[in-house]
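Welcome! Please take a moment with the sequence and the 3D view below before reading on.

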Amino acid sequence: RRHLSLRAFSTNPRPSDARFIASGLYVPGNQDRMLTKCVTTQATLLVPDMEDSVPINEKAKARDMIREKLSYLRQNAFSEKVIITPRTNGITTGLL
């Protein structure tokens, strides 16, 4: 079983660098269709979002949906080098 991890960003990125981010895509975590479709892009960074793009009354739904989709995103991303990191609400918001 593979585990998702956040890789450190390079201070001097080069296209050959495994950590090079050419493009990032923030995806609302409460939108099932968008989460499913985002892997069809060539984005090198996928960010399932639980913060600004999700209405307050949908935050719990977004957390659950992202948790359910993480394995799918990893298995179906166009490359194993794609970085997938969910964006959460700040700890002081009480919306974790």
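**Before we start**

This is a predicted model, in which local features need pLDDT of at least 70, side-chain atom pairs count only at pLDDT 80 or more, and totals for chains, interfaces and linings use all residues. Residues are numbered from 1 along each chain as its sequence is written, and side-chain values use heavy atoms, with hydrogens and water left out.

The score pLDDT is the predictor's confidence in each residue, from 0 to 100. The protein chain averages 82, and 79% of the residues score at least 70. Over residues 1-11 the pLDDT is below 50, and this stretch has 16 contacts in the model beyond near neighbours in sequence; a contact means heavy atoms within 4.5 Å.

**The sheet**

Let us begin with the strands. Helices (H or I, at least four residues) and strands (E, at least two) are DSSP runs, numbered from the N terminus. Two strands pair if DSSP finds at least two bridges between them. Here, three strands form an open sheet with parallel pairing, in the order β1-β2-β3. Its edge strands are β1 (24-28) and β3 (83-84), each of which pairs on one side only.

β1 and β2 are joined in the parallel sense over five bridges, and V27 has P48 in β2 as its bridge partner. Strand β2 (residues 45-49) also pairs with β3, again in the parallel sense, over two bridges. There, L45 stands opposite I83 in β3.

Between two of these strands comes a helix: β1, helix α1 (residues 32-37) and β2 make a right-handed β-α-β unit. Right-handed means that, with the strands pointing away from the viewer, the path from the first strand over the helix to the second runs clockwise.

**A serine in a loop**

S53 lies in the loop between β2 and α2 (59-76).

Leaving aside neighbours within four places in sequence, S53 is in contact with P28 and N30. S53 and P28 are 25 residues apart in sequence, yet 5.4 Å apart in space, C-alpha to C-alpha. The side chain of S53 also makes a polar contact with the side chain of D49 (3.0 Å). A polar contact is a pair of N or O atoms within 3.5 Å; within protein, one must be able to donate a hydrogen and the other to accept it, and residues adjacent in sequence count only if both atoms are side-chain atoms.

**Salt bridges**

How many salt bridges does the structure hold? There are six, each being a side-chain nitrogen of Lys or Arg within 4 Å of a carboxyl oxygen of Asp or Glu. The table lists some of them.

| Pair | N to O distance |
|---|---|
| K69 and D32 | 3.2 Å |
| E58 and K61 | 3.7 Å |
| D64 and R67 | 2.5 Å |

K69 and D32 form a salt bridge that links distant parts of the chain, with K69 in helix α2 and D32 in helix α1, 37 residues apart. K69 counts as buried at 16% relative accessibility, whereas D32 is partly exposed at 38%.

D64 and R67 are three residues apart in helix α2, so about one helical turn separates them. R67 counts as exposed, at 58% relative accessibility. Finally, salt bridges that share partners join D49, E51, D52 and R87 into one network.

Note on methods
Buried means under 20% relative accessible area, exposed over 50%, partly exposed in between (1.4 Å probe, protein chains only).
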